[in-house]
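Subject: Structure handover

Dear colleague,

Here is the structure you will be working with. Please open it alongside these notes.

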Amino acid sequence: MLPQSDAAPIITIICILPILLILNLKTHRQRHPRGCRRLGLSPGKSNLHDEYHPKYTQGVPETHHDANGKPSWRIKALFTYPIKSCAGVELDVSDVVPTGLKYDRQFCFAEYVVPKQQDTEPHWTARTLRDKRFERMALLRTEIWVPDSSAADYAPDLDEVKSEGVMVVSYPRTFAGATSFLGKLGIALGIISKERSFQVPLSPPPDNLPSYPCKPVRIWKDSPIAYNYAIHIPPSLHTYLASDTLTLFRANPSHHREIFRCAPPKETLGFQTVTDFADAYPIHLLTLSSVRDVASRCVADIPRLSIRRFRANIIVQGPAAFEEDQWKKIVIGGVGEGVEVHTVCRTVRCRLPNVDPDTGLRHPCEPDRTLRGYRRIDPGCLAYACLGMQLVPAVERFRVSVDDPISVLEIGEHFYIKMLAAGEKIPGE
């Protein structure tokens, strides 16, 4: 017979296992969206698997090709960020639409703010990793599921099809009070999943628009009208993000934010440059060598500084560190088949990259301190560091793929035009 001190834990586990199994059934009720397929790379796969390799610290000639005949200056990785400031979806190929990579920053979390000043009306304001209370947003994962007529369960009248697809949002499971021990034990035993998840339609269902009231959402100086997705937010997400008034908004395609500063005018492009919840421009580009240079200077504080901290859409390999600073126009794609893209300005950086995308923890000063130490280079904004380039394509729609070659058509000087008044925050995501 076991001693009483040894038997007690075993009896406890036997008693609570049925409870954990019931919780497990509730946890795994989430099913794949009907009639859809998931976009992006397979789980566990990434084109950035070797991002820390020393070979990316050096540039190579633009005309050089590797042993497989691929041009050395080419797209290494692609990311779209469906929810602003949440984890991105890595892709091998993406459609580009007027607002940038398809699905990019089409959603954002916003908090209802009641100002203390009597002359200011209550309003919804976008929240990001810049806001110190919301570092946990970095751990919210998104999946994009789009209608697929070849799927066995596809039907045109499915809700998932009528809403142009589904976004699945997952976030770490948290426990409190008396259930904390049981929950953690269930996760340790593999009985309960580490995450909770919920689904939202990629577009408001046309037969249920009243459930998605349109409200203005303040982002910098703009207040575009967006769809309020509050009906889909589970209470556990409010608990995880520690905000009772936070909800999810979806950009309204009839209310894009128009871009004028630094971007080519409508008369040049033939169309007006627009974006949705991105900070300022449709597409953000970074080069691996530039980030590796920054990483080498703050390695004591951050031994492995991932390029994912900087939340770029297009990551390029080949150019030497900071060679992109002088780009004015590039071509993405092969000779005669490529698309011209204006590199309209440098990306001005805030402290957002201090948040580790893998842990959701904010470093108190890096890499922001390092960047400010040697990358305050733009005469239009010398108070802040710059890293990466903002892009405006010369066409409204095209397709971009990993391994697409990159070539430079024009170089020149840049002068950042500020969007905000003195003393206000500078965009940098």
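This is a predicted model: local features need pLDDT of at least 70, side-chain atom pairs count only at pLDDT 80 or more; totals for chains, interfaces and linings use all residues.

Residues are numbered from 1 along each chain as its sequence is written, and side-chain values use heavy atoms, with hydrogens and water left out.

Sheets

Helices (H or I, at least four residues) and strands (E, at least two) are DSSP runs, numbered from the N terminus. Two strands count as paired if DSSP finds at least two bridges between them.

Eight strands make up an open sheet with mixed pairing, in the order β3-β2-β17-β16-β20-β19-β18-β22. At its edges stand β3 (89-91) and β22 (406-411); each has a single partner strand, so one side of each lacks a neighbour in the sheet. From one strand to the next the twist averages 35°. Axes here are lines fitted to C-alpha atoms, for helices over the stretch in contact, and angles run from 0 to 180 degrees between N-to-C directions. Strand β18 (residues 327-332) pairs with β22 in the antiparallel sense over five bridges, and I330 has V408 in β22 as its bridge partner. Helix α6 (residues 288-297) packs on this sheet, touching β2 (74-80), β16 (283-287), β17 (314-317) and β20, and its direction makes about 65° with that of β16. Contact means heavy atoms within 4.5 Å.

Another open sheet has three strands in the order β5-β4-β21, with antiparallel pairing. Its edge strands, β5 (100-101) and β21 (398-401), each pair on one side only. Strand β4 (residues 93-97) and β21 share four bridges, and D95 is bridged to R399.

Strand β8 (residues 141-147) pairs in the antiparallel sense with β1 (residues 36-38) over three bridges. β8 also pairs with β9 (residues 166-172), again antiparallel, over five bridges.

Two buried residues

Buried means under 20% relative accessible area, exposed over 50%, and partly exposed in between (1.4 Å probe, protein chains only).

L387 lies in strand β20 (residues 386-393) and is buried, at 0% relative accessible area. Beyond residues up to four places away in sequence, L387 touches several others, including L286, V291, F310 and F322.

A polar atom of the T142 side chain lies 3.4 Å from the backbone oxygen of A87. Among the residues that T142 touches are I83, V89 and M167.

Salt bridges

The structure holds 29 salt bridges, each a side-chain nitrogen of Lys or Arg within 4 Å of a carboxyl oxygen of Asp or Glu.

D279 and K84 form one of them (2.7 Å, N to O). D279 is in the loop between β15 (274-275) and β16 and K84 in the loop between β2 and β3, 195 residues apart. D279 is buried at 4%, and K84 is buried at 1%.

R369 and D301 meet at 3.6 Å, N to O. R369 lies in helix α7 (residues 368-374) and D301 in the loop between α6 and β17, so the pair ties together parts 68 residues apart in sequence. R369 is partly exposed at 47%, as is D301 at 37%.

Regards

Conventions
A polar contact is a pair of N or O atoms within 3.5 Å; within protein, one must be able to donate a hydrogen and the other to accept it, and residues adjacent in sequence count only if both atoms are side-chain atoms.
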